[in-house]
Amino acid sequence: MSRRDKKKASSSEGSEGSETEDVKWIPWFCGLKGNEFFCEVDEEFIRDEFNLTGLRSIVPNYDYAMDLILNADTIDELSEEQHEIVNTAADILYGLIHARYILTQKGMSQMLEKYRNSDFGRCPRVLCGGQSAIPVGQTDQPRINTLKIFCPKCEDIYYPRLRRHSNIDGAYFGTSFAHLLLQCYPDMQPVPAKADYVPRIYGFKIHPSARQHRPRPRRRAGAMEDEDHSLPLNGSSSSSLPLTPSSSSRIPSKN
């Protein structure tokens, strides 16, 4: 949904004859279904060019995307098709800014509250006893892997429980945040899991030698080594559309 569409939705929900305030893009984006893991990045952080170093060369239509995030009026001059293109670029830009913001003290405190409330879900491993999880990426490069959740108790990663969270780009949370959070707040670090599930038959442990008789899995010709190597093509616009659009998707630079 573009900023123009948000204005229409805001005005339609208001009472007749009353003036409605313009909807801020950042809280609108974080309030979308599927974006519950994101926190609201402080606009002062976004306006500081130092915090955005290197992003201009990565995100297409960077200036328009930044204007949309900061609710600049220049976006209203674009066509509906251009609005969709810019909105996609804004999703990508905000995600990459978000990955940097949550490494700051202010951003980390926001995410800490979500962790305490188990907003990121819980570890699916039974022996972890419902331990709260933390979002984590397997790489800091966009368009490589989807988001996972890290369990600080068994120290392993898992797919999020809800499908809508599995479509988020892992680079929007990065590889460092989950572990830095636990280093900065050691009281939130749980006791490591020591219990392991022990397979039994009629109450007896299975001898290790029994595993030697298991057939080895056959690798299919041309099978990928990592099934989660790339992002899925279906899902939200923030994770499913290509990072580098065709030339027809680029909007002429502002004068």
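Residues are termed buried when their relative accessible area is under 20%, exposed when it is over 50%, and partly exposed in between, as judged with a 1.4 Å probe on protein chains only. The structure is a predicted model, in which local features need pLDDT of at least 70 and side-chain atom pairs count only at pLDDT 80 or more, whereas totals for chains, interfaces and linings use all residues. Residues are numbered from 1 along each chain as its sequence is written, and side-chain values use heavy atoms, with hydrogens and water left out.

Helices (H or I, at least four residues) and strands (E, at least two) are DSSP runs numbered from the N terminus. The loop between β1 and β2 contains Arg143, which counts as partly exposed because its relative accessibility is 26%. Arg143 has a positive phi of about 65° although it is not a glycine. Most residues other than glycine have a negative phi. Thr139 also lies in the loop between β1 (134-136) and β2 (148-151). Its side chain reaches the backbone nitrogen of Gln141 at 3.2 Å, a polar contact (a pair of N or O atoms within 3.5 Å; within protein, one must be able to donate a hydrogen and the other to accept it, and residues adjacent in sequence count only if both atoms are side-chain atoms). When residues up to four places away in sequence are not counted, Thr139 touches Ile144, Asn145, Gly170, Ala171 and Thr175, contact being defined as heavy atoms within 4.5 Å.

Helix α4 (residues 62-69) is mostly covered, with seven of its eight residues buried. The buried residues of α4 include Tyr62, Tyr64 and Met66. Asp67, found in helix α4, is classed as buried because its relative accessible area is 14%. The C-alpha atoms of Asp67 and Ala90 are 8.7 Å apart in space, with the two residues 23 apart in sequence. Asn61, in the loop between α3 (43-47) and α4, has a positive phi of about 55° although it is not a glycine. A relative accessible area of 9% is the reason why Asn61 is buried. Just after α4, Asn71 takes a positive phi of about 60°.

A pocket is here an open set of points on a 1 Å grid over the protein atoms alone, where a 1.4 Å probe fits, with protein on both sides within 12 Å along at least five of seven lines; lining residues have an atom within 4 Å of a point. The largest pocket has a volume of about 220 Å³, a volume being the space filled by probe spheres set on the points, which are joined across faces, edges and corners. Of its 15 lining residues, Leu96, Ala99, Arg100, Asp140 and Ala171 are the closest to the centre. Helix α5 (residues 80-101) gives the most to this lining, with three residues.

A disulfide is a pair of cysteine sulfur atoms within 2.5 Å, and by this rule the count comes to zero. Cys30 is in no disulfide, the nearest cysteine sulfur, that of Cys39, being 6.8 Å away. Cys30 counts as buried because its relative accessibility is 12%. The sulfur of Cys128 is 3.7 Å from the closest cysteine sulfur, in Cys154, and is therefore too far for a bond. Cys128 is buried, with a relative accessible area of 2%.
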